[in-house]
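Work through the exercises below with the sequence and the model side by side. Try each task before reading its solution.

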Amino acid sequence: MVKQFDIDYARGKQSEIESLPDLQKIFGDDLKLDPYQYAHFDYHNDIHMVELKTRDRVKFKNGVFEYTTRNGYEMILDSLYFDLPKLEFRNKQKKNGCKKIYYVLWKCNGSYFGWIMNNHENEFTIEGQYRDVGFGYKQNRNVVKVKSKYIYKLS
C-alpha cells in the first residue's frame, strides 16, 4: 500500500526539478538544486537559500489563499506553513555569520509566493501539529505558520 506521504513527497521532489528554470529567472542562473535528499533548503547559490513547498490544492484568488481538501471542502487560509527545523537551521547559520538570504516559497497551483525568513515574530507563529510525516503513524512536530499578509507573489 502506497502511503499518502510518499505520494506527496514524490510530487514535491518532481516539483523541485520542474521549478528550477523558473527560480533561476528570479534568483539567478547559478541557483542549483541541492542533490542531498534531506537538505534543509532545496536550492542555493552564493547569495540565496531557497526552500520550495508545493501546494497544488492551494489557489490565490481575490487576495486570499484558498485550500481545497481531498474530500472537496474549501477553506480560506490565514497562513502557509513549513517545518520549524528550517527556521532553526537558518537562525544557526546566521548566528555563525552566514550572509545569505533565506527564503521559503510556496508554489500554489503553479504560481510562486515567497517569504524572506527573518526574526520578525509578528509575521509568523510556531504551532504544533499532530500528523503522519512519513512513518505510517501520527506524531507531534512544530511548524512555522507565516501570516498571509507577509507572503508576496513572485510570478
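A residue counts as buried when its relative accessible area is under 20%, as exposed when it is over 50%, and as partly exposed in between. The model used here is predicted.

**Exercise 1. Classify Thr 54 by its accessibility, and find what its side chain meets.**

Step 1. Locate the residue: Thr 54 belongs to strand 3.

Step 2. Compare its value with the cut-off. The relative accessibility of Thr 54 is 15%, so Thr 54 is buried.

Step 3. List its contacts, setting aside neighbours within four places in sequence. Thr 54 is in contact with Arg 11, Ser 15 and Lys 107.

Step 4. Look for a polar contact. The side chains of Thr 54 and Ser 15 make one, at 2.6 Å.

**Exercise 2. Describe helix 1: its buried residues, its packing and its bend.**

Step 1. Pick out the buried residues. In helix 1 they are Gly 12, Ser 15, Glu 16, Ser 19, Leu 20, Leu 23, Gln 24 and Phe 27.

Step 2. Consider the spacing. An α-helix has 3.6 residues a turn, so residues three or four places apart point the same way.

Step 3. Find the packing partners. The buried residues of helix 1 pack against strand 1 (32-33), strand 2 (43-44), strand 3, strand 8 (101-108) and strand 9 (111-116).

Step 4. Leaving aside neighbours within four places in sequence, Gln 24 is in contact with Asp 29 and Leu 31.

Step 5. Trace the axis. Helix 1 bends by about 50° at Leu 20, with a proline, Pro 21, following within four residues. Just after helix 1, Gly 28 has a positive phi of about 115°.

**Exercise 3. Decide whether Gly 114 is buried or exposed, and name the residues it touches.**

Step 1. Gly 114 is part of strand 9.

Step 2. Its relative accessible area is 0%, so Gly 114 is buried.

Step 3. Not counting residues up to four places away in sequence, Gly 114 touches Val 104, Leu 105, Trp 106, Tyr 150, Ile 151, Tyr 152 and Leu 154.

**Exercise 4. Examine the phi angles and accessibility of Asn 62 and Asn 109.**

Step 1. Asn 109 sits in the loop between strand 8 and strand 9.

Step 2. Read phi. Asn 62 has a positive phi of about 55° although it is not a glycine. For Asn 109, also a residue other than glycine, phi is positive and near 50°.

Step 3. Apply the cut-offs. Asn 62 has a relative accessible area of 79%, so Asn 62 is exposed. Asn 109 has 45%, so Asn 109 is partly exposed.

**Exercise 5. Describe the largest pocket and its lining.**

Step 1. State the volume: the largest pocket holds about 1,700 Å³ of space.

Step 2. Find the residues at its centre. Of the 44 lining residues, the closest to the centre are Phe 5, Asp 8, Lys 53, Arg 55 and Arg 141.

Step 3. Assign the lining to elements. Those giving two or more residues include helix 1 (4-27), strand 3 (48-55) and helix 2 (84-95). The largest share, eight residues, comes from helix 1.

Step 4. Sort the lining by type: 17 residues are nonpolar, nine are polar and 18 are charged.

How values were computed. Residues numbered from 1 in each chain as written. Predicted model: local features only at pLDDT ≥ 70, side-chain atom pairs only at ≥ 80, totals over all residues. Heavy atoms only, no water. 1 Å grid on protein atoms, 1.4 Å probe; cavity = no way out; pocket = protein on both sides within 12 Å on 5 of 7 lines; lining within 4 Å. Points joined across faces, edges and corners; volume = space filled by probe spheres on them. Nonpolar A, V, L, I, M, F, W, Y, C, P; charged D, E, K, R; others polar. Bend = angle between axes of the 7 residues up to and from the residue. Buried < 20%, exposed > 50% of the residue type's maximum accessible area, 1.4 Å probe, protein only. Contact = heavy atoms within 4.5 Å. Polar contact = N/O pair within 3.5 Å; in protein donor to acceptor, adjacent residues only side chain to side chain.
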